[in-house]
Structure formats: C-alpha cells, structure tokens
Amino acid sequence: MTTTPQSTAAPAATETQAVALQIAELVLKTGRYDDMAAFYTHVLGHGPFYERTPDPDAPPRPAGMPERAVDVRLGFFRVHDAPHSSQVLALFGIDSLIGTDASGPGLHHFQFGVGSLGELVTQFEHMASIGARPHRAANHGQATSFYYRDPDRNIVEFSCANFATTEEEVAFMSGPVFAANPSGLELNAERFVARYRAGDPKDELLRLDNQAVAL
C-alpha cells in the first residue's frame, strides 16, 4: 500500500539533497530456484531474459563477501522498460538456503502496480489459473490490493490506484478516514471479483462500507 504523503519542503541551504530515485532491481535469494522461476514466469507472463549457472571451477568467494552473481544460479526477469530506465526482478539460487525457514527478519512484501481495477481482476484470474489465491485482499481507500505468497512465502502485492489523480490520492491519505484506518476494508477476493464481473459500478465496489465484498 502507499505510504503517508511526505513533505515536499526544500532542504535548508546547509543540507545535502537526495537525487530522484527509482527501484531498478529487486533480488530475492532462494533455495527453491526452479519453483520460484516458474512462479515469476507466470506472474510476469514471460521467462528470464538471462540465466546463468555458476562454473564449478570458478575461484571461491572471498571471505566475508556476500554472494555475488558469479557465485550463484541466477535469473533476471524484465518487469518494465522505459526510456532511460528499467525494472528488473532477479533470483539468486543459493543451495545453503534449501530447507531453511523464510519467516525471519528481512523482506515483508513488495508490490507490482497495475493500471486499472480491470487489470487487477485479470491478474487475479491469471494467478487462479495455477491455483494461486490471495491470502489477503483489501481496499485501502487510496488503492485496492491482492496479496499472494510465492514458493518461498514472500508476500507479493498486486495493487491499483483507486483515484484518477495523485492530488486526489494525497487528499484522501491526508484526511481523517485514512488516519483512523490505513488498512481499509478487508475484502473477500472471490466475491469482489465476481461483483466486478457482474457489472457492479466501480464507485460502488470501492465504497469502504461495502459489506457485499467485505471479508
């Protein structure tokens, strides 16, 4: 879900200023490379644009250095391409992680944005084709999200904006309804999708008091 709007005030003259950033690459390490690669191939609709298996005769990793691309089985998946930028999801297959518990400290979840409520429903149906169901769905007010778990139990969020403009989103998130409950309305994903396919108007579906689609 989107976080609380941040101040846009200019930094003081004596402060340094951060450059504009984007998330260009997300790397997940796994002991289940084949399962994870199959899952994300389905999620994205295409396989990795690059894969590599480490050379068994390569020099060992220097002591104290974390795993590098040369040390692991890896795959790079293109998420989005745009002029002067790209977004990549990568998998590092690490044998020592086989059988380990993935529920400890680290990644909580990450989000794939979709362009509309219709695309969110289509992605739900796409995931259902491999038996994947969201473990949670919510209308947060400013966005609607379906949450899944990948084969390593990482939480993968698919989310669409509920408002047409950033200004409307910021206004909602600055108001009392979001302040009182930033999680919003917990949804029954199957009922929500069924009501969408039945033709319920978007404004009706996205009411935060809509008990017809509530969990």
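**Aromatic pairs, burial and a charge over a ring**

Visitor: What makes F76 buried in this model?

Guide: In this predicted model, F76 has a relative accessible area of 17%, and because buried means under 20%, F76 counts as buried.

Visitor: Why is Y50 called partly exposed?

Guide: The relative accessibility of Y50 is 39%, which falls between the 20% limit for buried and the 50% limit for exposed, so the term in between applies.

Visitor: How many aromatic pairs does the structure hold, and why is the pair of Y50 and F76 called tilted?

Guide: There are 11 aromatic pairs.

Visitor: What makes the pair of F146 and F192 edge-to-face?

Guide: Their planes are 90° apart, which is over 60, and their centres are 6.2 Å apart, within 6.5 Å, so the pair is edge-to-face. F146 lies in strand β7 (residues 143–149) and F192 in helix α5 (residues 189–197), so this pair ties together parts 46 residues apart in sequence. Both F146 and F192 are buried.

Visitor: Which residue lies over the face of F49?

Guide: R78 does, at 4.2 Å from the ring centre, a distance within the 6 Å limit.

Methods:
Residues are numbered from 1 along each chain as its sequence is written. This is a predicted model: local features need pLDDT of at least 70, side-chain atom pairs count only at pLDDT 80 or more; totals for chains, interfaces and linings use all residues. Side-chain values use heavy atoms; hydrogens and water are left out. Rings of Phe, Tyr and Trp (its six-membered ring) pair if their centres lie within 6.5 Å; planes under 30 degrees apart count as stacked, over 60 as edge-to-face and the rest as tilted. Buried means under 20% relative accessible area, exposed over 50%, partly exposed in between (1.4 Å probe, protein chains only). Helices (H or I, at least four residues) and strands (E, at least two) are DSSP runs, numbered from the N terminus. A charge sits over a ring if NZ of Lys or CZ of Arg is within 6 Å of the ring centre and within 35 degrees of the ring normal.
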